[in-house]
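This briefing goes through one protein structure, topic by topic. Please look over the sequence and the model before reading on.

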Amino acid sequence: MVKPTNFSIVAILLVAIIAMAMKARVTSGDPSAKEILSDAYYETCKGKVGRDCGVMIVSDMFFQNATTDAPCCRKVLTMGKNCHANMLGKILQQSPFKENKTLALDRSRAILARCSSMKN
């Protein structure tokens, strides 16, 4: 029986990681993992909603002391679900928001649903 060397183990792991990364990559226009990690990606997402709507959306999602209005809903829909979800994920990595992850995700879905219903 052949005993694997450290080099062969590393090579196998590298091939497996690359294969998983390629399989996980969505081809429907979604951003790649590398793009999502870039500051430019988040700046683009933030730019689509602007500061005032961003504050309104975060206030609606985390504090429920604002309701995302129709103009901001249009911006959320223009931003797209991917940008919205990735921005939320980034916010949830930060304290104190990460403690309210489940609640924030539920409210995020509610905002998207409400905004989608305004579109029609």
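How many helices and strands make up the secondary structure of the protein? The secondary structure comes to six helices and zero strands, where helices (H or I, at least four residues) and strands (E, at least two) are DSSP runs numbered from the N terminus. This is a predicted model, in which local features need pLDDT of at least 70 and side-chain atom pairs count only at pLDDT 80 or more, while totals for chains, interfaces and linings use all residues. Residues are numbered from 1 along each chain as its sequence is written, and side-chain values use heavy atoms, with hydrogens and water left out.

**Overall picture**

- From the N terminus on, the order of elements is α-α-α-α-α-α.
- Of the 120 residues of the protein, 28% count as buried; buried means under 20% relative accessible area, exposed over 50%, and partly exposed in between (1.4 Å probe, protein chains only).
- Among contacts with a separation of 6 or more, 66% join residues 24 or more positions apart; contact means heavy atoms within 4.5 Å.

**Helix 3 and its kink**

- Helix 3 has 25 residues, but its end C-alpha atoms are only 26 Å apart, short of the 36 Å that a straight helix would reach at 1.5 Å a residue. The expected span is 1.5 Å times one less than the number of residues.
- A kink of about 95° in helix 3 is centred on glycine 50. The bend at a residue is the angle between axes fitted to the seven residues ending there and the seven starting there.
- The buried residues of helix 3 include Tyr41, Tyr42, Cys45, Val49 and Cys53.

**Helix 3 against helix 4**

- The axes of helix 3 (residues 39-63) and helix 4 (residues 70-79) come within 9 Å and cross at roughly 145°. Axes are lines fitted to C-alpha atoms, for helices over the stretch in contact, and angles run from 0 to 180 degrees between N-to-C directions.
- On the helix 3 side, the contact is made by Cys45, Lys48, Val49, Cys53, Met56 and Ile57. Helix 4 contributes Cys72, Lys75, Val76, Thr78 and Met79.
- By class, this contact has eight nonpolar, one polar and two charged residues. Ala, Val, Leu, Ile, Met, Phe, Trp, Tyr, Cys and Pro count as nonpolar, Asp, Glu, Lys and Arg as charged, and the others, Gly among them, as polar.

- Glutamine 64 lies in the loop between helix 3 and helix 4, and its relative accessibility of 54% makes it exposed.
- Phi of glutamine 64 is positive, near 50°. Most residues other than glycine have a negative phi.

- Aspartate 60 is in helix 3 and is buried, with a relative accessible area of 8%. Leaving aside neighbours within four places in sequence, aspartate 60 is in contact with Ala66, Thr67, Thr68, Arg107, Ile111 and Arg114.
- Isoleucine 111 is in helix 6 and is buried at 1% relative accessibility. Not counting residues up to four places away in sequence, isoleucine 111 touches Ile57, Asp60, Met61 and Thr68.
- Isoleucine 111 and threonine 67 are 44 residues apart in sequence and 8.7 Å apart in space, C-alpha to C-alpha.
- Serine 108 is in helix 6 (residues 101-119) and is buried at 6% relative accessibility. Not counting residues up to four places away in sequence, serine 108 touches Met61, His84 and Leu88.
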